[in-house]
There are 2 protein chains.
Amino acid sequence: MPIQTCTVAVVGATGAVGREALKILQQRGVPGERVIALASERSAGASVEYGPSRLSIVALDDRSAERTFQLADVAIFCADADTARTFVPIAVERGALVVDNSSAFRMDPTVPLVVPEVNGALLDVGAEVVANPNCSTILLLVALEPLRRRFGVRSIVVSTYQAVSGAGLAAIDELRMQAGDALAGRTTTKRVFAEPCAFNVFSHDSAVDLRTGLNAEEQKLIDETRKIWDDPRLAITPTCIRVPVERAHSESVVIELREPAHEDEIRLALVSATGVSIIDDRAANAFPTPLKASGVDDVLVGRIRPDPGAGFDGRGRSTRWCLWLSGDQLRKGAALNAVQIAEALLAPASSLAPGTRAPSRVQRWHTGAIIT
Amino acid sequence: MPIQTCTVAVVGATGAVGREALKILQQRGVPGERVIALASERSAGASVEYGPSRLSIVALDDRSAERTFQLADVAIFCADADTARTFVPIAVERGALVVDNSSAFRMDPTVPLVVPEVNGALLDVGAEVVANPNCSTILLLVALEPLRRRFGVRSIVVSTYQAVSGAGLAAIDELRMQAGDALAGRTTTKRVFAEPCAFNVFSHDSAVDLRTGLNAEEQKLIDETRKIWDDPRLAITPTCIRVPVERAHSESVVIELREPAHEDEIRLALVSATGVSIIDDRAANAFPTPLKASGVDDVLVGRIRPDPGAGFDGRGRSTRWCLWLSGDQLRKGAALNAVQIAEALLAPASSLAPGTRAPSRVQRWHTGAIIT
């Protein structure tokens, strides 16, 4: 059934991703009466924006969970992994379909980890819980999926330029406060990040594994990409970095294909891809930026070029390509992907799940133009 | 002879790199009376800071050039390539040694392109003009040189996070103005960059080659690295990106070595390297940042780890390594490297030129502790 006729619970509705999920549901035409906004007890009594109106926050506890998930057809969890581990089982038991944005179930072999444009076919067979991947992984795979389908992927080197919003709304406040203090020549304070985030860049703030030297964000990129592509030995070399940007992530990518390709073939594959828009004007030096990607559903891709460190075969083809992408991590990197999963779960046989074959242009998704 | 007893001309003394060169000369103990600060006619009558005092700007034209370069033992050009092409030949003719920061002579086969820690031995045989490499190239090669000497380098993939100061002082003003406007919710203006630079990242503002898709900054990284390392076929895959940072550049690097190495060997090579400081505390998530590198002479290196996309040999060694660096592009990336070249040109047999053999710790350079 279409999501507009369902009851939808949003857990973590006051957070950065939760607010974005509400915005998308409202844009989709889900009536406010059918949306239950839940948050921690700290937010009890508060309300959140829902288009022109507001929704009262329901404090999430064992009692409200029982009642809410009984009512809800689908629950979109936009909370942390601990909250998910506690309340997702209750939601499932009460019969709600669950899409979880946290890392709690992503690597659980019984839980599908889905980017609809990539492995949306998994949703056609139904699932009680579906995990939403990490933002950097979603944006990367939406951009690379058309190349993987056509030419295969042997390896990826990716360096990220990640917005502070990945660390929540408080991180956006911290960026603004620190920037204002720096401009005024005032000393500033740090709460969210250990490093100053204004006018600075720093290695991602997730914990670093003492043995491998990888931070948790990099490990997620590796593990989740291998699971989503069902390619457990894929070579991925990530470096995850925070930049003083509010809400969209960017990634510098070098990809090695299994089959060599002409530049025309690379461009054709990307232009016809679901969820991808190309901004690649060499003459005007106009390429994707996080500001251009903010509030946009598609992943923006540009700087498409052959790797100058690799050669061409006798037919002018190369296996190594570079590109640059920007994508809104709160939308496609989190809330939008989760809503798309929910829609496909609720309407599994519809055209919303493009399956694992290359989608035709007719199936392209656009904001506000969903075919149900 | 030591630079403290020489007459030094600084061309482009009012620019970001020129001001930094003056600061370094003053820190080195060169008396103000021995420094001639030149700039374009727009700056005629102005003065620039030189420690506690100020230097009057000499407007650079044919007449002042003749007189100045007759007096000067060494001229440090911190101006654009056109200025260098016009006035470097005059300086040479009048007998001044020249260090040129612009791109005018970098790829001239008769002009040495020097990073003292890498190929400083070239200065021992004397040269009339020495080119100072591009900032990103200098910072990268200072960090990688110890690995190249010990294990050889087969390929480099590098993504940069470049400060706006590479585009001059006006770019720093633009970043501050745009950031202030954004915080106040005001619409803002662009003059230096085509893209907004506050709270945004964007592909480097240098011209993009329509055929290769590489911007000029990326092409410089490739060409200059190959020249400095005398390795014309080295595989380099650069992506150059601007970030809203005032003055230090950072780089995410994946390097493939010719010989496999243990992590201990990699760390030992980097710890004992000239011009490199290690900040690599996995437990504290403390690594190089541009704020930590600002005003510092050494290139800061951290996030040293084996490439998770590559394997180990039977002895636990790998040929592929990742690292992250930050370096002050106005100091080591430009003015400091130029002053170091000038010092070595003036005192070619001294220990200032570490040569092409691995330097001992005794030869390490530190701010204000130069052995002449």
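**Exercise 1. Is F199(A) buried or exposed, and why?**

Welcome to this predicted model. Let's start with a single residue.

*Step 1.* Find the residue: F199(A) sits in the loop that runs between α6 (169-184) and β9 (202-203) of chain A.

*Step 2.* Count its neighbours and apply the cut-off. A residue is buried if 20 or more other C-beta atoms lie within 10 Å of its own. F199(A) has 26 C-beta neighbours inside 10 Å, so F199(A) counts as buried.

*Step 3.* Now check the backbone. Most residues other than glycine have a negative phi. F199(A) is not a glycine, yet its phi is positive, about 50°.

**Exercise 2. Work out the setting of F199(B) in chain B.**

*Step 1.* Look in the loop between α6 and β9 of chain B, where F199(B) is found.

*Step 2.* Read off phi: the value for F199(B) is positive, about 55°, although this residue is not a glycine.

*Step 3.* Finish with burial. F199(B) counts as buried because 26 C-beta neighbours lie inside 10 Å.

**Exercise 3. Describe how α2(A) and α3(A) pack.**

*Step 1.* Take helix α2 (residues 62-71) and helix α3 (residues 81-93), both of chain A: their axes come within 8 Å and cross at roughly 45°. This angle makes α2(A) oblique to α3(A).

*Step 2.* List the partners. From α2(A) come A65(A), E66(A) and F69(A), which meet F87(A), I90(A) and A91(A) of α3(A). Sorted by class, this contact has 5 nonpolar, no polar and 1 charged residues.

**Exercise 4. How many residues does each chain give to the contact between chains A and B?**

*Step 1.* The contact takes 51 residues from chain B and 51 residues from chain A.

*Step 2.* On the side of chain B, the elements giving two or more residues include α6 (169-184), β12 (248-261) and β15 (318-328).

*Step 3.* By class, this side of chain B has 29 nonpolar, 14 polar and 8 charged residues.

Key. Residues numbered from 1 in each chain as written. Chains lettered and ligands numbered in written order. Predicted model: local features only at pLDDT ≥ 70, side-chain atom pairs only at ≥ 80, totals over all residues. Contact = placed C-beta atoms within 7 Å. Helix = DSSP H or I, 4+ residues; strand = E, 2+ residues; numbered from the N terminus. Nonpolar A, V, L, I, M, F, W, Y, C, P; charged D, E, K, R; others polar. Axes fitted to C-alpha atoms, helices over the stretch in contact; angles between N-to-C directions. Parallel < 35°, antiparallel > 145°, perpendicular 65-115°, else oblique. Buried ≥ 20, exposed ≤ 12 C-beta atoms within 10 Å, placed from the backbone.
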